[in-house]
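Here's a quick walk through a two-chain model and its ligand. Have the viewer open while you read.

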Amino acid sequence: MNAFELSKQAVIDGREARKKGEMPRLSEDEKKALLSRYHPDLKEEAYTTIRIGVNKGQKTVHEVVRLLEGESPLAENPPDLTPKHQVDVLVIGGGGAGASAALMAQSAGSKVLMSTKLRLGDSNTVMAEGGMQVAISPEDSPVRHFLDTLKGGQMANDRTLLKTLVSEGPANAKWLMDLGVMFDREEDGNLSIRSGGGSSLPRLLRCKDYTGLELMRVLKDAVLNEDIEILEFSPVIEFLTDGNGTCTGAVLKDLDTDKRIVVQAKTVILATGGIGRLHIQGFPTSNHYGATGDGLVLSYRAGAELKFQDTFQYHPTGSIFPEAMAGLLVTEAIRSVGAQLLNVKGERFVYELETRDAVASAVIRECEEGRGVETPAGRKGVWLDMPLVDVLHGEGTLADHFPNMLRQFSRYDIDITKAPVLIYPTLHYQNGGVKIDVEGESTLKNLFVAGEASGGIHGRNRLMGNSLLDIVVYGRRAGVAAAKRASALGFCPLTLKHLEDFKTQKKAAGVVSETVSPILFPDYVNKG
Amino acid sequence: MTVSSAKEKTSHTVKVEIMGKQHYVPEGLTMLQAMWHTGHELTRGVGCLGGICGACPSKYTTPEDAKIKTALACQTQVEEGMSFSLTAAYYPNRKVVSDFKKMEDPKQEIFRLYPETALCRNCDACTRACPKGIDVRTGVWKAAFGQFKEGADLFLSCVMCSLCVPVCIADIAPNQVGLYMRRAQGIFFNEKSSHLLARLEEIEQGKFDAEWEQLLSLSDEAIISKSLA
Ligand SMILES: Cc1cc2nc3c(=O)[nH]c(=O)nc-3n(C[C@H](O)[C@H](O)[C@H](O)COP(=O)(O)OP(=O)(O)OC[C@H]3O[C@@H](n4cnc5c(N)ncnc54)[C@H](O)[C@@H]3O)c2cc1C
Ligand code: FES
C-alpha cells in the first residue's frame, strides 16, 4: 500500500474507537491565534492597497484590485447610448436574489427586465446544499439568531441589516413555501431543523442536500410564470449614470452575437453573486462558472462604496480528489451530523463545528505542518470521514439525507458510506460586497444591491445557511424598494461620465492597467 | 487546467471525438474540461460545474456498443474512444403558464396544462435518458394518477436538463410535469408548520421588541458575554 492508501486505512480502522470521542472547542484566544497564523484573509502578501475610487487606501486581494482598477470594455469604443429597452426596474443576475427581487418588483406593478450572464438559475444559489437559517423552534428566537451571526461575523456585521435579516426570516420562509418550496419535515408535520457551524441551536431548514436546487427551481418557474422579460446570455458590462451619482441604466453584451444592448431603467437591482472563479490565492472554488465578481467591479467603477471587500470565506471542506472534482463542495451539514476531520495519521485536530474560518484554518495548519495527505495530482488535504454518520445514526442515513453527495462521489467510484474523502478549503463566498442600507440601496443612487454581491450583513464571516436567507430577504426588499422608487421617477439621462472620472483618478494615481473588467468568465481555455 | 495540449497519443492521454473532431486529451478530465483543453470557448452548455444546474446535457457513444448515451458533461470523465457533443445550446420548448394563485384543483388542471401527461406509452426512454437516475416514467404516471406526493419525491433531484424531453414519443415534457407536481404539492397539499406560524405571530405581536431595544443599546463586550450565556 502507498502512503495515501495507508493513511486512508488508518482512518477506516480508527473509526469505531473515535466514534464517541469529544473534541474540545477552541477558546476565543485559541481561535484568534489560529486565524491569525493560518487564515488566508490574514496573509499579508496576498493583499494590496486600492489606489482609486471610494475605497481608496483600503486593501483587498490582488485578484480583486486588478479588476477594480481595470479598464471598462467600453473605454475604447463607447456605443451609441440610445436605449433598446426602457423599463422601470432592471434586475441584473438570475440567481436567488435576482429572482426574488424581480418577482417583488413585478408584483408591485413595475415593468421588469432581467439580464443574466448564463441562463436564469445558473448560479451559486442552485448549488446550495446545507440549508437556510430561520429561527422557528420554540427554544430559539430571532434575537438568538442575531447573536450567533454577530459572533460568527466577528462583531462587524451591520446591526440594522442583521436585525432585519433575522426578524424577517420566518415570513420569508413562509413566502417560499407559498410558492411551493418544500422543506424537509418531521413526523409531526413541523419543519425539520438541523445544526450548522457557529449556531447555538439547530436552525437550518433544508431540502435534503438539494436546498438550493429546490429554491432555484421554484423561483425560476415563478419568474417564468410572470410577465418578466429575461435576456439570458446577456451580462451587464458597464453601468450608465446621469454623471452625477445616480444609476440610470446599463450596457449589456449579447454573448451570442457580441452586440451591445443599452437599457434605460428608473432603478437598477444588482444581484450578480460572488467571486469564486477568480481563484483568489490560487484556491479551487465551489462556485458556478459565472462567479467572477462582476458586481463589485461594475458598482465600484460607477462610484458605489464597498464594505468588507477584503474578506472571503474559504469553506473548510472542498473535495480535492479525484482531480475532476477539485473544489466541489462537501456540505457542512455532513459535519453537523457527525462526520469527522482527520489528518494523515487518522487523528482529529479540530472540533468540526467551529465557525468556517476556524475549521478552514485548522485544515491549512495540518497541511502546512506536514500532517496532510497528498493526492496523486499533488494537492494536499485531510480526510473527511463520512461513513461515521451511518455508524452514529444508522445505516442509510447518508443515502437518505445526502443523496446528492452520494451520487457525486459514486460517479468516480468512491462510496462515501464506506470510505473517507479528501478535502481542503475551497473558495466559497465573498463575505463583503457593495455597501447597502436596509432597503438594499447602495451609495450610488437608484442602484440597489442584493445577495452575495452586497456587503455588511454577514460582517467578516458568514454563518452557514445565512446566505440563502439573505438572498430572499434582501432580494425581496430590494425589489419592493426599487419598484416604489421607480414609480415616482421618470427616465434620467444615460451617460458614461463615470468612466471619465475614473480615468482622471487613474491618471492622478499613476495606475496603468491592461486588464479589461468585468472578466465575465474564468479563462480555462488551453491556448496551446 | 493548464495541461499542455496533447496532440499525440502518450501513455496518459485518451483519444476522444468532440463534435466529430478527433483529439487526444489527458485522462481524468471531464467532458467540459476536455473541451477547454482542446481550445473550445464555452458560454452555452456550462453553468454550475457541479452537476446541479442542468446546463450541460450531452450525448456520447463509446466503442463497445451502438447506444447513444446521455450525460451531464461537467460530471462525466472522458474515456478512450468516446465520441461526444453538448446536445443543444437551447431546447425549444412550449411555454406553459401555470397560475397557481388562481388554481382550484391542480390535479385536474394538469390535464389542461399538460394534456400529454395521460398519454405515456411506457417506453421508458425518459428514465433511461435521465443523468440523475430518476425513475421518470413512474413519476409521470404518478402525475396522471394524482399521486403528487410520491411523484414530487421522485423528481426531487431533477436538474431540469431536459434530456428526457426529446426522447418522449408522446411529446410529454416530463421534467416540467415533475416541477409542476412539486410546486402543486408544496402549495396545496403540504401541512402547515405550527412552529413557523407560531413564530410569525410572536413577531407580529412584538414579543421580541423589548429584547431588541435592550440588545441594540449594548456594547460589543456586553453582547459577547450575553451570547456566551
Ligand atoms: C456549492 C455551494 C453551496 C452553498 N451552500 C449554501 C447553504 O447551504 N446555505 C446558504 O445559506 N448558502 C449556501 N451557499 C451560498 C449561497 O448559495 C450563495 O451565496 C447565494 O445563493 C448567492 O445568491 P445570489 O443570488 O446573490 O447570487 P447567485 O446565485 O450566484 O446568482 C448570481 C447571478 O448573477 C449572474 N451574473 C453574474 N455576473 C453577471 C453580469 N455581469 N451580468 C448579468 N448577470 C450576471 C450569474 O450568472 C447568476 O445568475 C452555497 C454556495 C455554493 C457555491
Ligand atoms: S454545468 Fe451545471 S450540471 Fe453541468
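Which side chain meets A:E226 in a salt bridge? The partner is B:K101, at 3.3 Å from N to O. A salt bridge here is a side-chain nitrogen of Lys or Arg within 4 Å of a carboxyl oxygen of Asp or Glu.

Some ground rules before going on. This is a predicted model, where local features need pLDDT of at least 70, side-chain atom pairs count only at pLDDT 80 or more, and totals for chains, interfaces and linings use all residues. Residues are numbered from 1 along each chain as its sequence is written, chains are lettered from A and ligands numbered from 1 in the order in which they are written, and side-chain values use heavy atoms, with hydrogens and water left out.

**Between the chains**

Between chain A and chain B the count is five salt bridges, and 26 residue pairs are in polar contact, both at pLDDT 80 or more. A polar contact means a pair of N or O atoms within 3.5 Å; within protein, one must be able to donate a hydrogen and the other to accept it, and residues adjacent in sequence count only if both atoms are side-chain atoms. Helices (H or I, at least four residues) and strands (E, at least two) are DSSP runs, numbered from the N terminus. By residue type, that side splits into 35 nonpolar, 13 polar and 19 charged.

In total, chain A puts 67 residues into the contact and chain B 73 residues, with contact meaning heavy atoms within 4.5 Å. The two chains bury about 6100 Å² between them, 59% of it on carbon and sulfur atoms. On the chain A side, A:M182, A:R217 and A:N526 lose the most area to chain B, together 11% of what that side buries. Buried area is the accessible area (1.4 Å probe) that two parts lose on being put together, summed over both.

**Around ligand 1**

Ligand 1 has 39 residues around it, and the closest include A:T125, A:G131 and A:E452; a residue counts if one of its heavy atoms lies within 4 Å. That shell divides into 11 nonpolar, 22 polar and six charged residues. Its largest share, four residues, comes from α15(A).

| Residue | Protein atom | Ligand 1 atom | Distance |
|---|---|---|---|
| A:K117 | polar backbone atom | nitrogen | 3.2 Å |
| A:N124 | backbone N or O | oxygen | 2.9 Å |
| A:T125 | polar side-chain atom | oxygen | 2.5 Å |

Taken alone, ligand 1 exposes 1000 Å², and the protein buries 99% of that; these areas come from the Shrake-Rupley method with a 1.4 Å probe.

**Elsewhere in the fold**

Over all chains, the whole structure holds 45 salt bridges. One of them pairs A:D385 with A:R18 (3.3 Å, N to O). A:D385 sits in strand β15 (residues 380–385) and A:R18 in helix α1 (residues 3–18) of chain A, so this pair ties together parts that are 367 residues apart in sequence.

The peptide bond from A:F321 to A:P322 is cis, with omega near 0 degrees, and A:P322 lies in the loop between β12 (312–319) and α10 (333–336) of chain A. Another cis peptide bond joins A:S517 and A:P518, with omega about 5 degrees.

Conventions: Nonpolar A, V, L, I, M, F, W, Y, C, P; charged D, E, K, R; others polar.
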